[in-house]
Amino acid sequence: MSVLRSLETKIADLVEGAFGRAFRSEITPVELARRLVREMDRHRRGSLSSTVVPNEYVVWLSPADHRHFAAIESSLVDELAAHLLEHARSEQLALPSRPHIELRSDARLSLGECGIEARLSSVPPAVARRYGTAPPVSAPPPPPPQAATVPVAGEVVPNAWLRVEDRAVPIGATGVVIGRSSDCDIVIPVQEVSRRHAQIVADAGGWTLIDLNSTNGVLLNGRTLAAPARLRSGDAIEIGTVELTFEAG
């Protein structure tokens with residue numbers, strides 16, 4: 001049984017009975033698990049001997065969604081933390097401690113919307129070793145908190161998308177991860193594609209394509225991607241046997 005399926009089964013036990021019948025939130029526990037995994041992966045940082053990921057997460061929910069989770073909040077955050085810990089172990093990522101997750105409300109969010117703030121909080125190496133992950137070495141400090149607005153998951157950057165066959169997939173503000181794993185934003189169920197094959201990220205200068213140490217590599221306009229590369233509208237990206245087209249403007 002997969003970790004996500006196991007989590008889904010455990011969560012189902014929590015929402016049985018009258019509460020389960022009343023549960024109408026557009027944000028489900030399994031969806032929260034997927035978003036937390038994506039946020040952990042998005043904040044991977046390479047150090048001298050390991051890849052470090054955040055160990056503290058604040059999940060911002062609409063007041064209505066937060067109320068729906070109130071009856072199972074304690075058990076829910078424990079299961080989500082266990083899911084993140086298992087993901088970090090399977091990907092050989094360094095966690096300085098067991099993941100800590102906190103649910104909070106933000107009145108600016110509507111039902112079904114959420115934002116996740118991730119940060120790295122260092123602890124003594126002896127504590128990190130208790131959780132079966134390598135302690136970070138010379139890990140960079142966490143970025144300063146952004147007080148302006150809470151990032152909303154799924155927020156779309158205007159005029160940027162990937163065309164996959166006959167579908168146009170918008171690229172969100174946090175970018176997209178492409179691969180065979182069901183946790184990816186764009187799933188390509190092909191054997192030649194790695195579980196997490198490639199990523200497209202945004203910054204002030206535009207969009208960048210990154211090969212996530214895939215087994216079979218990435219082709220950009222017919223050439224092997226040897227280093228992160230800027231994308232331009234019309235660029236062709238080949239992953240396995242699938243071709244995607246980046247479009248912007």
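This is a short tour of a predicted model, stop by stop. Residues are numbered from 1 along each chain as its sequence is written. Local features need pLDDT of at least 70 and side-chain atom pairs count only at pLDDT 80 or more, while totals for chains, interfaces and linings use all residues; side-chain values use heavy atoms, with hydrogens and water left out.

**Stop 1: helix 5.** Select residues 73-90, which form helix 5 (helices are DSSP runs of H or I, at least four residues, and strands are runs of E, at least two, numbered from the N terminus). Its 18 residues should span 26 Å at 1.5 Å a residue, and the end C-alpha atoms are 26 Å apart, so the two agree (the expected span is 1.5 Å times one less than the number of residues). Now color Leu76, Leu80 and His83, which are among the buried residues of this helix (buried means under 20% relative accessible area, with a 1.4 Å probe and protein chains only).

**Stop 2: the largest nonpolar core.** Which residues touch the most other members of this core? Select Leu32 and Ile101, out of 26 residues (a core is a set of buried Ala, Val, Leu, Ile, Met, Phe, Trp, Tyr and Cys residues joined through side-chain atoms within 4.5 Å). Helix 5 gives the most to this core, with seven residues.

**Stop 3: Leu32.** Leaving aside neighbours within four places in sequence, show its contacts, including Val59, Phe69, Leu76 and Cys114 (contact means heavy atoms within 4.5 Å).

Note on methods:
Buried means under 20% relative accessible area, exposed over 50%, partly exposed in between (1.4 Å probe, protein chains only).
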